[in-house]
Amino acid sequence: VSQSRYNVEEDVWEYDVLRYMNECSHRSIQPTMGEILKSLGINTEKQNKLDQMRVGSILKRHGFYKKECERDKVRANRWFSVNQPIKEDESDGFFD
């Protein structure tokens, strides 16, 4: 089996995605995929499934997970770090 089969090439978006997630983490914000893509300069009308999958792959590789939640009566999937799990008493508005 080839060694390269186990290596994941770094995506050119990786640094910017992780920097944005770090900024969000410092402000206790769990962004949506749309917000993450917008931080990369991709306007809402230009966002597509391929972009979402690409960013999702980066996030999952680095220990992030998405969870559906409701804020201001709007449900959305938001991205969290596994290093900062939701505490039971802080989970108001989150769904399993």
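Modeller: Of the 96 residues in the protein chain, 30% count as buried. This is a predicted model, in which local features need pLDDT of at least 70 and side-chain atom pairs count only at pLDDT 80 or more, while totals for chains, interfaces and linings use all residues. Residues are numbered from 1 along each chain as its sequence is written, and side-chain values use heavy atoms, with hydrogens and water left out.

Biologist: What makes a residue buried or exposed?

Modeller: Buried means under 20% relative accessible area, exposed over 50%, and partly exposed in between, with a 1.4 Å probe and protein chains only. Take Ser28: its relative accessible area is 58%, and the cut-off for exposed is over 50%, so Ser28 is called exposed. Lys73, at 79% relative accessibility, counts as exposed by that rule.

Biologist: How do you know which stretches are helices and which are strands?

Modeller: They are DSSP runs numbered from the N terminus: helices are H or I with at least four residues, strands are E with at least two. The protein chain has three helices and two strands, in the pattern α-α-α-β-β along the sequence. Helix α1 (residues 14-26) has 13 residues, and at least four are required, so α1 qualifies as a helix.

Biologist: How do you know that the span of α1 is close to the expected one?

Modeller: The expected span is 1.5 Å times one less than the number of residues. For α1 the expected value is 18 Å, and the helix reaches 18 Å from its first C-alpha to its last.

Biologist: Why are the buried residues of α1 said to line one face?

Modeller: In α1, Glu14, Val17, Tyr20, Met21 and Cys24 are buried. Seen down the axis, they fall within an arc of 140°, so they line one face of the helix; the arc is that of the directions from the helix axis to the C-beta atoms. The face turned away from this buried side carries the exposed residues Tyr15 and His26. The buried residues of α1 pack against α2 (33-39), α3 (49-61), β1 (64-71) and β2 (74-81).

Biologist: What makes a group of residues a nonpolar core?

Modeller: It is a set of buried Ala, Val, Leu, Ile, Met, Phe, Trp, Tyr and Cys residues joined through side-chain atoms within 4.5 Å. Of the 14 residues in the largest nonpolar core, Trp13, Val17, Met21, Ile36, Val55, Leu59 and Trp79 touch the most other members. Helices α1, α2 and α3 each supply at least two residues of this core, and α1 gives the most, with four.

Biologist: Which residues is Trp79 in contact with?

Modeller: Contact means heavy atoms within 4.5 Å. Leaving aside neighbours within four places in sequence, the contacts of Trp79 include Met21, Ile36, Leu59 and Phe64.

Biologist: Finally, why are β1 and β2 called a pair?

Modeller: Two strands pair if DSSP finds at least two bridges between them. Eight bridges join β1 to β2, so the two strands pair; they run antiparallel. Glu70 stands opposite Arg75 in β2. In the hairpin, which has two residues between the strands, Asp72 takes a positive phi near 55°.
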